[in-house]
Amino acid sequence: MYNNIICAIGLGSRERAERLLRTSHALLSPDGELTVAHVIERFLSGRESPDEWAVSTITEAEEKLNALCRRLGITATIDVRMGTASTTLLTIAKEKKADLIILATHTSDIIDRIFGSTVEYVIRHAKCSVLVERADKSHDDIVGKADTAKKA
């Protein structure tokens, strides 16, 4: 069981987001804190304050993540930020004193091959454990084992 989990939700499918949230919830200790993190990547415009687009995008993401958590019956803090996903997730983990970061892989593309992936960066630089859900990994296996451990 983990006390402070960061569950990183990206732009993938709703089903994948649900799997990540359920896995996070299953691994969370009864008195633990779950933070659902989403990072909006955008090239900076040079302005010091967020523009209307940024504010509306952050608000929309927060509303969608709150609704998803409510629908699943999962209590979580929602943290949506602008920045580079890899470093921003590590910043959130440090601020929250996370003992686990959960995130999912995606199909590798040319950008990942040139610059490296978010998952790869987080794995190499995180100061806590990292659980990576692979696209082909069975969610039921992970959650079933965690639920069994909770009951023991």
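Me: In what order do the five strands sit in the open sheet, and is the pairing parallel or antiparallel?
Reply: The order is E3-E2-E1-E4-E5, with parallel pairing. This is a predicted model, where local features need pLDDT of at least 70 and side-chain atom pairs count only at pLDDT 80 or more, while totals for chains, interfaces and linings use all residues. Residues are numbered from 1 along each chain as its sequence is written, and side-chain values use heavy atoms, leaving out hydrogens and water.

Me: What makes E3 and E5 the edge strands?
Reply: Strand E3 (77–82) and strand E5 (129–133) each pair on one side only. Strands are DSSP runs of E with at least two residues, and helices are runs of H or I with at least four, numbered from the N terminus.

Me: Why do strand E1 and strand E4 count as a pair?
Reply: Pairing takes at least two DSSP bridges. E1 (residues 2–8) and E4 (residues 100–104) have three bridges, in the parallel sense, so they pair. Ile6 has Ile101 in E4 as its bridge partner.

Me: Why is His38 called buried?
Reply: Buried means under 20% relative accessible area, exposed over 50%, and partly exposed in between (1.4 Å probe, protein chains only). His38 comes in at 11%, so buried it is. His38 lies in strand E2.

Me: Which residues is His38 in contact with, leaving aside its neighbours within four places in sequence?
Reply: Contact means heavy atoms within 4.5 Å. Among the residues His38 touches are Ile9, Gly10, Leu65 and Asp79. The His38 side chain also reaches the backbone oxygen of Ile9 at 2.7 Å.

Technical notes: Polar contact = N/O pair within 3.5 Å; in protein donor to acceptor, adjacent residues only side chain to side chain.
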